[in-house]
Amino acid sequence: MASDMMNSALERLDQAVDAVRVAAEQAPDAVAQAAHGVSGGAIDPFVFRLAIFVLAIFVGYYVVWSVTPALHTPLMAVTNAISSVIVVGALLAVGISASGYATGFGFVALVLVSVNIFGGFLVTSRMLAMYKKKER
């Protein structure tokens, strides 16, 4: 009885996860199409996405600069985790691409993200070393 209930709950959870995944994949295009339709076609989807990118830059800037010093180490750890996802995307761009541009941009992304990850771990280790007790 409990096994059946657990299987049923797991199936519903899988369905919910699939629904969220589909919604997340369709959200950027749906928002761009809605803005295009509401404005009567006056907003180019590229300009709309560029505006979202610029707004994300400002939000990221203000979020990072308002973090207290005690939270910089967890913030760097999250940044390194995000960079590792970018490494996977860059490796896919380099390995699967049929054009030279995608391979070149993927390689540049791979190099820059690798530098970011290495620097993040270096800064994190230096910050953690500040909190260690000094040996006499």
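Is S97 buried, exposed or partly exposed? S97 counts as partly exposed, at 22% relative accessibility. The views below come from a predicted model.

**View 1. S97 sits in the loop between α3 and α4.** Setting aside neighbours within four places in sequence, S97 is in contact with L92, A102 and T103.

**View 2. Five residues make up the largest nonpolar core.** They are V87, A90, L110, V113 and I117. Both α3 (72-96) and α4 (100-130) supply at least two residues each. The most comes from α4, which gives three residues.

**View 3. A90 touches G106, A109 and L110.** Residues up to four places away in sequence are not counted here. A90 and L110 both belong to the largest nonpolar core.

**View 4. Helix α4 has 31 residues.** From first C-alpha to last, α4 reaches 45 Å. That is close to the 45 Å expected at 1.5 Å a residue. The buried residues of α4 are G106, L110, V113, I117, G120, T124 and M127. Of these, L110, V113 and I117 are also in the largest nonpolar core.

**View 5. A nonpolar patch lies on the surface.** Its members are F46, V47, L50, F53, V54, I57, F58, Y61, Y62 and W65. Together they have about 1,100 Å² of accessible area. One of them, W65, lies in helix α2 (residues 45-65). W65 has a relative accessible area of 64%; exposed means over 50%, so W65 is exposed.

Methods
Residues are numbered from 1 along each chain as its sequence is written. This is a predicted model: local features need pLDDT of at least 70, side-chain atom pairs count only at pLDDT 80 or more; totals for chains, interfaces and linings use all residues. Side-chain values use heavy atoms; hydrogens and water are left out. A nonpolar core is a set of buried Ala, Val, Leu, Ile, Met, Phe, Trp, Tyr and Cys residues joined through side-chain atoms within 4.5 Å. Buried means under 20% relative accessible area, exposed over 50%, partly exposed in between (1.4 Å probe, protein chains only). Helices (H or I, at least four residues) and strands (E, at least two) are DSSP runs, numbered from the N terminus. Contact means heavy atoms within 4.5 Å. The expected span of a helix is 1.5 Å times one less than its number of residues. Patches are made of residues with over 30% relative accessible area and no salt bridge: like charges are joined within 9 Å, nonpolar side chains (Val, Leu, Ile, Met, Phe, Trp, Tyr) within 5 Å. Accessible areas come from the Shrake-Rupley method with a 1.4 Å probe; for residues, only the protein chains shown count as cover. A salt bridge is a side-chain nitrogen of Lys or Arg within 4 Å of a carboxyl oxygen of Asp or Glu.
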